Amino acid sequence: MLALTELGQRLRQERESKGLSLEDLQKLTKIQKRYLLGIEEGNYEVMPGKFYVRAFIKQYCEAIGLDTDAIFEEYKSDIPSTQTEDMPQQLSRVRSRKEIPQHTKGVSKAYDYLPTVLVVAGVVVVGIIIWVIAQNIVSDKNKEQANQEAPNSEVQQSNTQEETNETTAKNDNSNSEDEQSAADKKEQEKEKAAKEKAEKEKAEKEKAEKEKKDSGKQEYKEVQKTGRSATYALSGADAFNLEVTSTQADTWLDVKNGKGNAFFSSILKKGETKEFDLTKETEARVNIGYSPGVELKVNGKAVDLPFDSSKQVRQVVTIQYQPAEAQ
């Protein structure tokens, strides 16, 4: 095994402190595990090119919450500089052995298969002749049987008609009962749907009134913004509830209060939502490792991330809370 570089040791220690395995990091960064191991061991020869070394290290740092610029400056001696790489020389072509002209080969093969084709054609013709004879025999037998059964057909037809009339009468009665039952069921379903609709409209109205009431006094405004961090002030609210949802991919999430006590510090899976009751706290710090597709809600109301996620993948949001009763 290769000796770890100072950068590799630093990255591995930071990853392990977060409780992340190489498999977890592979899911976060979409970088193959062998490349991630190569970064930790300083084995850049496994990379597809020097350009990818710097790009993969940058994604590694962002996924575990490290400042990329600071890392590149501190360990610049461990990171190769980007330079133009020579394209591999065009592979030589190996000439194949001399071939027999294609038209000659085709004619030769046709002559080889001719006897087989003739035999198969003969078998098919014989089969068709046998099938035609068999059909004629079956047709003659059917005609004889029909002539023998003709005298009894009128009696059978009469009996069949009577049975059909009885069956029709029974079906009419049954259909009438089924139609009545279906009408009753349809009416019940209609009443149930109307009741559910009324309950839903009532709940939505109550929710809208509550949100309108809360929005009238709650205020969430930006205090300052620098680098990849931003601070917001939450005031005029009786509670401080935070929801974090990842909709696109797994992300690293770290939520702490102003004293540094952690409420959550782990991977937030795609489609997963975490809720935090921070009413007793005066400050909360939210560290998001992969911000694309991450949604924040404060007291049930969606709030925007401070930075464009396409430009700032990792973002840190600090929320200072002042309860309404303290104002």
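**Helix packing and aromatic contacts in the predicted model**

The crossing of α1 and α4 is left-handed. The axes of α1, residues 6-17, and α4 come within 10 Å of each other and cross at roughly 30 degrees. Helix α1 is therefore roughly parallel to α4, given that angles under 35 degrees count as roughly parallel. On the α1 side, the contact is made by Leu7, Leu11, Arg12, Glu14 and Arg15, which meet Ile57, Tyr60, Cys61 and Ile64 of α4.

The secondary structure of the chain comprises 6 helices and 10 strands. The chain has 327 residues, of which 27% count as buried. When contacts between residues at least 6 apart in sequence are taken, 65% of them join residues at least 24 apart.

Helix α4 also packs against α2. For α2 and α4, the angle is about 105 degrees and the axes are 10 Å apart. The two helices are therefore roughly perpendicular to each other. From α2, the residues in this contact are Leu25, Leu28 and Thr29, and from α4 they are Gln59, Tyr60, Ala63 and Ile64.

Helix α2 has another partner in α3. Their axes come within 9 Å and cross at roughly 110 degrees, which makes α2 roughly perpendicular to α3. The crossing of α2 past α3 is right-handed. Leu22, Glu23, Leu25, Gln26 and Thr29 of α2 meet Lys33, Leu36, Leu37 and Glu40 of α3.

Within α3, the buried residues are Tyr35, Leu36, Gly38, Ile39, Glu40 and Glu41. They pack against α1, α2 and α4. In the loop between α2 (22-29) and α3 (33-41) is lysine 30, whose phi is near 65 degrees, a positive value in a residue other than glycine. Lysine 30 counts as exposed, at 65% relative accessibility. Just after α3, glycine 42 also takes a positive phi, of about 70 degrees.

The aromatic side chains come next. The structure holds 6 aromatic pairs. In one of them, the rings of tyrosine 52 and phenylalanine 56 have centres 5.7 Å apart and planes at 55 degrees, so the pair is tilted. Both residues lie in helix α4 (residues 50-64), 4 residues apart, which is about one turn of the helix. In general, an α-helix has 3.6 residues a turn, so residues three or four places apart point the same way. Together with Tyr35 and Phe51, Tyr52 and Phe56 form one aromatic cluster. Tyr35 is also one of the buried residues of α3.

Elsewhere in the chain, an aromatic ring meets a charge. Lysine 225 lies over the face of phenylalanine 307, at 5.3 Å from the ring centre.

Two loops between strands complete the picture. Glutamate 281 lies in the loop between β6 (273-277) and β7 (283-288) and counts as partly exposed, at 21% relative accessibility. Leaving aside residues up to four places away in sequence, glutamate 281 touches Asn257, Phe263 and Tyr321. The C-alpha atoms of glutamate 281 and proline 323 are separated by 9.7 Å, although these residues are 42 residues apart along the chain. Asparagine 299 is placed in the loop between β8 (294-298) and β9 (301-303). Although not a glycine, asparagine 299 has a positive phi, of about 55 degrees. This residue is partly exposed, with a relative accessible area of 24%.

Technical notes. Residues are numbered from 1 along each chain as its sequence is written. This is a predicted model: local features need pLDDT of at least 70, side-chain atom pairs count only at pLDDT 80 or more; totals for chains, interfaces and linings use all residues. Side-chain values use heavy atoms; hydrogens and water are left out. Rings of Phe, Tyr and Trp (its six-membered ring) pair if their centres lie within 6.5 Å; planes under 30 degrees apart count as stacked, over 60 as edge-to-face and the rest as tilted. A charge sits over a ring if NZ of Lys or CZ of Arg is within 6 Å of the ring centre and within 35 degrees of the ring normal. Axes are lines fitted to C-alpha atoms, for helices over the stretch in contact, and angles run from 0 to 180 degrees between N-to-C directions. Angles under 35 degrees count as roughly parallel, over 145 as roughly antiparallel, 65 to 115 as roughly perpendicular and the rest as oblique. A crossing is left-handed if the near helix is turned anticlockwise from the far one by less than a right angle, and right-handed if clockwise. Contact means heavy atoms within 4.5 Å. Buried means under 20% relative accessible area, exposed over 50%, partly exposed in between (1.4 Å probe, protein chains only).
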